[in-house]
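Subject: Handover of a structure for your study

Dear colleague,

Please find the structure below, handed over for your reading. My notes on what was found in it follow directly after.

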Amino acid sequence: MKRVVLNAGRIGLVFRNDNYKRVITEGVHWLNPFEDVVEYDMSKQFVPPMELNILLKDEMLASLLIVCELKDSEIALQFENGNFKNVLTPGRYAYWKGATEFTFMKADLSEIGIADSIGLNILQRREVLPYVRVYVVESFEKGILYIDGKFEKVLQSGSYYFWKNAVAISVTKADLRQLQMEISGQEILTKDKAAIRVNFHAQYKVVDILKALNENKDFEKQLYILIQLALREFIGAWTLDELLEKKESISEYILARLKEKADRLGVELKDCGIRDIILPGEVKEIMNQVLIAQKKAQANIITRREETASTRSLLNTAKLLEENEILFKLKEMEYVEKIADKISSISLSGGNHLVDQLKEIFVPKK
């Protein structure tokens, strides 16, 4: 006889001539000399030395094993003592009962959605990610989910997980923040056939994601064309001079003209306006000449107005001096004071007739 001792946590399969006979557990066992024992660690996965179906015919062995069978479209999340350990692919797996608590969470990959019982901390493990599709909708976005090309639902901000399989899944997203559109270098003819270039800008916001993404194709391109046509319509109705005077009113016109059309695109125009009006070189030169002529004419008018006012003031002063002798004398003294400021010294003789002498010096004789 052959003595075999199995320690705690160990188990053995008895074979004779490569044929399975029985299972033996912890303790001391006496075996036939022609029998062999294959020992296993009960805390590990059981890897059978032969076809598992044959071994499971032994009811005692079957009662000591946990068998996990997975179909072609299934995977299983394996847990040991409540902690995630591994992902099992299609096939049959056997684990020993008792020493370690083995649990399994099956998932059918042919389905699209992932059960809520599978937490995000599991889905984000590197072992699980190859089986998962992830779509992220930012806080300033909304998304539309399509399954097999069909509209499914609108997605709010957040992360969305789906099993990776043959079913086509796509998510289109729209930015819900206020956006800017530049319409630059538009060459347009005015009513009087002046060719100008216009740089235009518009602020808009997506307010209905279904209209913007599901009911319209390239809604931004469509909005661009609508603004472009409205801009040409406005400019073509005015002459160049009228346009330069009324360019501030284009914002109100565009907003009112496109309100209904923008709504059909799922967007709202917030504001718009002309940034630049670029004139051809010849027109710009002519306008500069006109502007210079206008400014010169205005300057001449102001000069003549000032000369007239000065002459009128001198005439009024002369009349007052003629009518008032004392005022005339004071004016003479004022002149003398001004002259004295510019002359270092003046020598006079003749007694008390100082004013008469100054008058003779500074006032021409008639």
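**Loop residues with a positive phi**

With a relative accessibility of 70%, Asp-18 lies over the 50% cut-off and therefore counts as exposed. Please note that this is a predicted model. Asp-18 sits in the loop that links β2 (10-16) and β3 (19-24). Although Asp-18 is not a glycine, its phi is positive, at about 65 degrees. Most residues other than glycine have a negative phi. Asn-81, which is likewise not a glycine, has a positive phi near 55 degrees. Its place is the loop between β8 (74-80) and β9 (83-88).

**The chain as a whole**

The protein chain contains ten helices and 19 strands. Of its 366 residues, 30% are buried. Among the contacts in the chain with a separation of 6 or more, 63% are between residues 24 or more positions apart.

**Strand β18 and its partners**

Strand β18 covers residues 195-206 and is mostly covered, since nine of its twelve residues are buried. Which strands pair with β18? Strand β17 (residues 179-189) runs antiparallel to β18, and nine bridges join the two. Within this pairing, Ile-188 has Ile-196 in β18 as its bridge partner.

Gln-203 belongs to strand β18 and stands opposite Asp-271 in β19. Is Gln-203 buried or exposed? Gln-203 counts as buried because its relative accessibility is 13%, which is under the cut-off of 20%. The side chain of Gln-203 makes a polar contact of 3.2 Å with the side chain of His-201. Leaving aside neighbours within four places in sequence, Gln-203 is in contact with residues including Gln-178, Leu-179 and Gln-180, as well as Glu-268, Leu-269 and Asp-271.

**His-29 in strand β4**

His-29 is part of strand β4 (residues 27-31). A polar atom of the His-29 side chain lies 2.6 Å from the backbone oxygen of Thr-25. Not counting residues up to four places away in sequence, His-29 touches Lys-2, Arg-3, Val-4, Leu-6 and Ile-24.

**The second largest pocket**

Rolling a probe the size of a water molecule over the atoms shows where empty space is left. The second largest pocket holds about 150 Å³ of space. Which elements supply at least two residues each to the lining of this pocket? They are α3 (120-123) and β15 (158-163). β15 gives the most to the lining, with three residues. The residues that line the pocket include Tyr-160, Tyr-161 and Phe-162, together with Leu-120 and Leu-123. Also among them are Gly-113, Ile-114, Ala-115 and Asp-116. By kind, the lining residues divide into eight nonpolar, two polar and one charged.

With kind regards

How values were computed:
Residues are numbered from 1 along each chain as its sequence is written. This is a predicted model: local features need pLDDT of at least 70, side-chain atom pairs count only at pLDDT 80 or more; totals for chains, interfaces and linings use all residues. Side-chain values use heavy atoms; hydrogens and water are left out. On a 1 Å grid over the protein atoms alone, a cavity is a set of points where a 1.4 Å probe fits but cannot get out, and a pocket is an open set with protein on both sides within 12 Å along at least five of seven lines; lining residues have an atom within 4 Å of a point. Grid points are joined across faces, edges and corners, and a volume is the space filled by probe spheres set on the points. Helices (H or I, at least four residues) and strands (E, at least two) are DSSP runs, numbered from the N terminus. Ala, Val, Leu, Ile, Met, Phe, Trp, Tyr, Cys and Pro count as nonpolar, Asp, Glu, Lys and Arg as charged, and the others, Gly among them, as polar. Buried means under 20% relative accessible area, exposed over 50%, partly exposed in between (1.4 Å probe, protein chains only). Two strands pair if DSSP finds at least two bridges between them. A polar contact is a pair of N or O atoms within 3.5 Å; within protein, one must be able to donate a hydrogen and the other to accept it, and residues adjacent in sequence count only if both atoms are side-chain atoms. Contact means heavy atoms within 4.5 Å.
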